Amino acid sequence: MKKLVGIPGSPGIVMGKAFLYLEKALPEIPRYSIRTDQVEGELKRFKLACEEAAADMRALHERAAAEMGKEQADIFAAHLMMLEDADIQDQISGTLKETRENIEWVVYDTARHMADKMLSSPDPAFRERAADINDISSRVLGRLLSINKASLAELDTDVILVTHDLLPSQMLTMNRAHIKGIVLDMGGLTSHTAILARAFNIPAVLGLASATAEIAGGDTLILNTKPGEVIVNPGKKELDRLERAQVNYNKTLKESLQTRNLPAQTTDGHRVSLKANIELPEEAEAVLRFGGEGIGLYRSEFLFLNPGQATGEEEQFRAYSQVIKAMKNLPVTIRTVDIGGDKILPEFQAASETNPLLGWRGIRFSLSMPDFFKTQLRAILRASVKGNVRIMFPLISGIEELNAALELLEEAKAECRKKKQPFASNIETGIMVEVPSAAMTADILAQKADFFSIGTNDLIQYSLAVDRGNEKVGYLAHPAHPALLRFIKTTIDAAHNRGITAAMCGEMAGDPGMTALLLGLGLDEFSMAASSIPLVKRIVRNASISACRELAGEILKGVSATANNALLKDWTAEMFPEN
Ligand code: PEP
Ligand code: MG
């Protein structure tokens with residue numbers, strides 16, 4: 001038995017067999033000349049590799065259709081069609097005969113040229129195909145070079161996935177039906193991997209640094225995320241403990257759901273709103289199940305991160321309409337795409353930046369691609385007639401960006417009018433306050449924004465200079481740091497001075513240890529992972545706003561995160577002795 005302790009990324013208690021996934025990149029592609037009498041042999045190898053790759057894709061397509069739904073299955077069907085495209089096959093055999101170079105090189109070089117050509121197209125739909133070409137060619141090259149690269153989409157038994165790190169796009173395409181838990185070397189509490197694991201209800205322990213070295217494939221693992229534990233090859237004592245912990249966990253979950261239909265109101269009548277963050281349209285149902293009063297953050301970029309997913313105006317319109325309709329007139333805040341940072345779209349090559357988190361991200365990306373941005377805005381506007389929609393812009397750093405975004409929104413509205421496409425006339429537009437400069441100029445931004453939503457994941461990252469995905473500096477990411485609390489207070493006060501709502505959609509909003517403090521600071525709306533709503537509501541319903549205001553006053557005088565945390569802990573123990 002061995003115990004590893006990491007960051008509790010997504011709640012749950014689960015036992016299963018470890019699946020160790022160590023991603024192997026393709027090696028350097030060999031390049032050499034061949035004789036004329038070897039051409040036929042090379043073509044035969046190519047044909048065989050394509051047949052094997054096609055068989056893999058057919059199997060993937062079938063499994064995806066049965067277990068993941070039509071959208072995922074369509075990706076593999078499209079890849080299969082491209083692989084079997086006669087023009088592409090002819091081009092490769094023609095080049096081989098002409099250049100008389102080995103088939104691996106010809107496949108690699110042809111795919112590279114095709115992808116480059118696609119990437120230079122002004123049409124985003126065409127650019128997106130570059131990632132597909134890379135995917136298909138890697139599969140064929142993997143067969144030619146005898147690299148059997150098991151894909152996470154191909155898992156067919158229940159496992160606990162143990163790997164170094166996971167990209168958001170991998171989280172979207174892996175076969176989630178069989179992934180019962182996730183254990184990562186990398187990752188912080190507010191990384192997008194953690195956020196997606198919570199969205200998919202997959203228990204996860206992150207930031208273990210050496211899990212891939214300490215766990216072997218096939219080891220039995222227990223994941224207990226409340227303390228962030230991973231038990232490797234448990235003995236009888238740990239198995240007994242697992243059973244008890246599971247019973248307790250399910251009991252608490254059941255109890256907390258009983259407040260579903262009760263208002264989020266303090267004992268002295270102060271009402272706040274508890275909403276949910278979602279990444280995919282299908283999560284909307286869980287929001288209602290957990291008693292969410294709307295969606296405070298729909299991270300629309302995940303639509304674009306799903307490889308192979310078409311993302312034209314019509315597809316976006318359908319996805320937004322699905323969420324809006326599912327929420328039955330409750331407010332839905334659609335954030336325009338926050339692409340960049342760790343959410344990279346390969347077709348836009350944002351990966352080539354030295355400092356992507358300080359680079360071409362969020363609203364900066366959208367403003368530099370006005371057609372792309374207006375397509376999204378038109379899709380949201382058109383969907384707005386189906387319910388109650390708000391638009392939110394990410395990563396605003398100053399008033400110029402907000403003005404520019406609002407101008408493009410007006411253009412998008414004019415385009416809808418011209419095409420006689422109706423949209424809600426009173427649609428509210430707000431901003432994420434997640435860059436320190438936005439928090440410091442919140443009074444100026446409040447003159448143009450209809451609401452604020454504080455994004456503490458990034459506000460902590462940028463104000464405390466802590467990479468949110470880097471477990472080595474995760475210990476510095478303190479929500480109770482005086483600097484962060486001052487930013488939050490400034491933002492809330494600026495909103496209230498202009499009579500607009502101050503919301504929060506960073507992970508801090510779903511942390512029950514912070515609820516009383518945020519109430520005391522005057523936050524109006526909390527948006528979090530749907531499953532966190534019941535616990536936060538319990539705290540709200542047991543707190544008094546006057547006591548919370550007193551607490552906030554004390555904490556604002558605190559000199560350090562450590563001092564503030566100690567004060568919060570003592571206060572909670574006194575107010576809620578049963579917890
Ligand atoms: C945030 O930064 O707090 C936020 C909610 O946005 P994201 O996590 O998507 O960056
Ligand atoms: Mg953010």
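Me: Buried means under 20% relative accessible area, exposed over 50% and partly exposed in between (1.4 Å probe, protein chains only). With that in hand, which residues of helix α21 (residues 533-542) are buried?
Reply: This is a predicted model, where local features need pLDDT of at least 70 and side-chain atom pairs pLDDT 80 or more, while totals for chains, interfaces and linings use all residues. Residues are numbered from 1 along each chain as written, chains are lettered from A and ligands numbered from 1 in written order, and side-chain values use heavy atoms, without hydrogens and water. Helices (H or I, at least four residues) and strands (E, at least two) are DSSP runs numbered from the N terminus. In α21, the buried residues are Ile533, Pro534, Val536, Lys537, Ile539 and Val540.

Me: Nice, and what do the buried residues of α21 pack against?
Reply: Here contact means heavy atoms within 4.5 Å. Both helices and strands turn up as partners of α21's buried residues: α9 (236-257), β9 (273-278), α20 (515-521) and β16 (525-529).

Me: Which protein residues are donors of the magnesium ion (ligand 2)?
Reply: Donors are N, O and S atoms within 2.8 Å of the metal (3.2 Å for Na, K and Ca), and sites may look incomplete because water is not among the atoms. The protein donors lie 2.0 to 2.1 Å from the magnesium ion, and they are Glu434 (OE) and Asp458 (OD).

Me: How many residues apart in sequence are the parts that this pair ties together?
Reply: Glutamate 434 sits in the loop between β13 (428-433) and α16 (436-440), whereas aspartate 458 belongs to helix α18 (residues 456-463). Both glutamate 434 and aspartate 458 are buried. The parts that the pair ties together are therefore separated in sequence by 24 residues.

Me: Which strands stand at the edges of the eight-stranded open sheet?
Reply: Strands pair if DSSP finds at least two bridges between them. The eight strands run in the order β1-β8-β7-β3-β4-β5-β6-β2, with mixed pairing. Each edge strand has a single partner, so one side of each is left without a neighbour in the sheet; these are β1 (2-5) and β2 (7-10).

Me: In which sense do β4 and β5 pair?
Reply: Isoleucine 160 stands opposite glycine 181 in β5. Over five bridges, β4 (residues 159-163) and β5 (residues 179-184) pair in a sense that is parallel.

Me: Which residues have the most contacts inside the largest nonpolar core?
Reply: A nonpolar core is a set of buried Ala, Val, Leu, Ile, Met, Phe, Trp, Tyr and Cys residues joined through side-chain atoms within 4.5 Å. The largest has 121 residues, and those with the most contacts inside it are Tyr320, Phe393 and Phe452.
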